[in-house]
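I opened the model today to look up a few things about the fold. My notes are below.

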Amino acid sequence: ATTVQPLSSPKKCFGHVTIIRALRLIVAGAAGAQVAFATIGIARGFAKSENKREKPQSIARTTVNEKEFHPAVRTVLEMYGGKGVPIRQSCMRKDVVFEDPAAKVVGEPEVREAFRALCVMKPKTLAFEIVEERETSDSTIFEIDLWQRYNLGSYLPFEVYSRLSVEASRSDSAICRIEERWQNGSLLHVPPFGVVRRINGIASYNLTSIIIA
């Protein structure tokens with residue numbers, strides 16, 4: 001004889017539908033919060049201007065001399081000059097970190113991909129100035145003012161002033177960390193902005209490696 005399985009009760013089906021709807025709302029809310037906090041962080045990065053410096057007109061430096069600058073400084077200026085991360089061995093640590101108001105990328109592969117993607121915007125260094133150099137027990141930290149020009153498409157050039165904080169190992173000059181502060185405004189470190197930047201970094205790493213050939 002054929003056994004007829006009883007149908008699920010309406011109450012049980014309703015419970016499943018409610019759970020699915022609740023999960024969808026949670027995911028949608030999390031995505032919305034991610035976008036909102038990311039937008040706030042990026043907007044603040046561009047809007048904060050009390051520490052902004054105007055581009056020097058008389059002695060603007062745009063190139064580096066191999067004997068004149070620390071290897072980490074030369075590497076960073078090459079990266080921002082549209083050359084990507086150099087292939088030179090040990091120019092950065094395997095666990096290097098790059099962070100700006102939009103994203104945080106961790107590890108050499110992610111940093112290489114971030115600056116490979118930057119090349120699409122045809123970056124050009126207009127001027128730079130090393131404003132501070134200090135040492136700790138195991139690293140050297142450089143504060144660099146950087147004036148850049150980027151391009152969105154062929155007809156939308158724009159300029160950005162940033163303060164870079166570059167930390168390099170004293171033992172081998174490899175870069176450990178780069179922090180870029182647009183308009184020289186400090187990054188938002190209160191929760192959840194650090195997590196939001198990290199999520200953006202992971203997403204951009206995976207997307208640009210697919211979209212940008």
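I looked first at contacts in this predicted model. Among contacts between residues at least 6 apart in sequence, 58% join residues at least 24 apart.

I then went through the secondary structure. The chain has 4 helices and 6 strands. Along the sequence I read their order as α-α-β-β-α-β-β-β-β-α.

Next I checked burial and surface. Of the 213 residues in the chain, 38% are buried. The chain exposes about 12,900 Å², and 60% of that comes from carbon and sulfur atoms.

I picked out helix α2, residues 71–83. How far does α2 span between its end C-alpha atoms? I noted only 15 Å, whereas a straight helix of 13 residues would span 18 Å at 1.5 Å a residue. Gly84 follows α2, and its phi is positive, near 70 degrees.

I also listed the buried residues of α2: Ala72, Val73, Arg74, Thr75, Val76, Leu77, Met79 and Tyr80.

My last entry is on Trp182, which lies in strand β6, residues 175–182. Is Trp182 buried or exposed? Its relative accessibility is 10%, and buried means under 20%, so Trp182 counts as buried. I also looked up Lys52, which is 130 residues from Trp182 along the chain. The C-alpha atoms of Trp182 and Lys52 are separated by 8.7 Å.

Terms used
Residues are numbered from 1 along each chain as its sequence is written. This is a predicted model: local features need pLDDT of at least 70, side-chain atom pairs count only at pLDDT 80 or more; totals for chains, interfaces and linings use all residues. Side-chain values use heavy atoms; hydrogens and water are left out. Helices (H or I, at least four residues) and strands (E, at least two) are DSSP runs, numbered from the N terminus. Buried means under 20% relative accessible area, exposed over 50%, partly exposed in between (1.4 Å probe, protein chains only). Contact means heavy atoms within 4.5 Å. Accessible areas come from the Shrake-Rupley method with a 1.4 Å probe; for residues, only the protein chains shown count as cover. The expected span of a helix is 1.5 Å times one less than its number of residues.
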